[in-house]
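My notes are in the order of the look-ups.

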Amino acid sequence: MAVRDDIRRIRAIVWKDITTELRSKAGFNSVAALGVTILVLFGLALGPDGPALKDAAAGALWLAVLFAGVLAFNRSYQVELDGGALEALLLYPGARWAIFAGKLIANLIFVTLMLVIVVPVGIVLFSVSVPSTWPSILGVMMLGVVGIVALGTFYSAMSSRSRAREVLLPLLLYPMLIPVLLASMSATKALLFGDVMQETGAWVQMLAAFDVIFLVATFVAFEYVIEV
């Protein structure tokens with residue numbers, strides 16, 4: 001019965017966040033626009049050099065995901081804080097990990113939809129041909145997004161009560177995401193242009209380990225950081 005109540009609570013939080021975003025569209029539009037703008041700026045900075053554009057494609061894509069994602073994570077708890085609803089949400093009977101799970105799933109949907117827009121733009125801007133390994137690239141992208149969203153949602157909760165949360169969140173988040181960004185960029189590049197060093201498997205294992213460790217750690221620690 002308790003598990004069923006927690007699942008119902010998770011679904012309610014996900015539905016509330018998505019419905020709020022569908023009504024305003026301000027958050028998603030700004031995040032998608034930022035991701036596309038970052039790719040355009042990278043393309044302009046590299047110029048018409050075709051090989052240089054292809055070499056930089058994976059790095060530019062993941063940096064766009066990172067910077068646009070931080071903008072999304074900053075809004076994760078903003079609606080509850082602005083409306084004074086966070087305290088009521090915490091006082092509601094039930095496990096608090098359900099709140100984190102709901103926010104995590106909503107942010108996963110949000111960032112995945114942003115990728116649906118950003119990836120085709122990156123393919124066109126950086127003149128990248130879609131390889132036969134595209135299903136593996138999608139798998140790497142989902143592993144990378146899960147790691148980024150798990151830590152982004154967690155640190156967003158930690159910094160949500162701070163007046164300087166827009167500054168505090170990147171300061172906390174960026175150093176922690178270096179391993180997942182390095183692994184995601186390296187695996188994506190290897191799958192796009194040929195895995196000469198046979199290193200894709202090692203990067204994917206690193207991504208999977210990162211996701212498992214930090215998903216468990218953030219679920220356990222959420223109850224304590226949300227009290228601060």
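The entries below cover confidence, pockets, core and loop.

**Confidence.** I am working with a predicted model, in which local features need pLDDT of at least 70, side-chain atom pairs count only at pLDDT 80 or more, and totals for chains, interfaces and linings use all residues. Residues are numbered from 1 along each chain as its sequence is written, and side-chain values use heavy atoms, with hydrogens and water left out. I looked up pLDDT (the predictor's confidence in each residue, from 0 to 100) and found a chain average of 86, with 98% of the residues scoring at least 70. By element, the mean is lowest in α4, at 75, and highest in α7, at 92. Helices here are DSSP runs (H or I, at least four residues), numbered from the N terminus.

**Largest pocket.** I take a pocket as an open set of points on a 1 Å grid over the protein atoms alone, where a 1.4 Å probe fits, with protein on both sides within 12 Å along at least five of seven lines; lining residues have an atom within 4 Å of a point. Volume is the space filled by probe spheres set on the points, which are joined across faces, edges and corners. The largest pocket comes to about 410 Å³. It has 20 lining residues, and Asp17, Ile18, Glu21, Leu22 and Phe110 are the closest to its centre. Two or more lining residues come from each of α1 (2-24), α2 (26-46), α4 (78-82) and α6 (97-125). I sorted the lining into nine nonpolar, four polar and seven charged residues. In this sorting, Ala, Val, Leu, Ile, Met, Phe, Trp, Tyr, Cys and Pro are nonpolar, Asp, Glu, Lys and Arg are charged, and the others, Gly among them, are polar.

**Second largest pocket.** The volume here is about 310 Å³. Among its 19 lining residues, Leu61, Val119, Ile123, Ile137 and Leu192 lie nearest the centre. α3 (50-74), α6, α7 (134-159) and α8 (165-193) each give two or more residues to this lining. The lining holds 16 nonpolar and three polar residues, with no charged ones.

**Core.** A nonpolar core joins buried Ala, Val, Leu, Ile, Met, Phe, Trp, Tyr and Cys residues through side-chain atoms within 4.5 Å; buried means under 20% relative accessible area, exposed over 50%, partly exposed in between (1.4 Å probe, protein chains only). The largest such core has 57 residues, of which Ile148, Leu173 and Leu177 touch the most other members. α3 gives the most, with 12 residues.

**Loop.** I found Ser127 between α6 and α7. Ser127 is not a glycine, yet its phi is positive, at about 55 degrees. Ser127 is partly exposed, at 44% relative accessible area.
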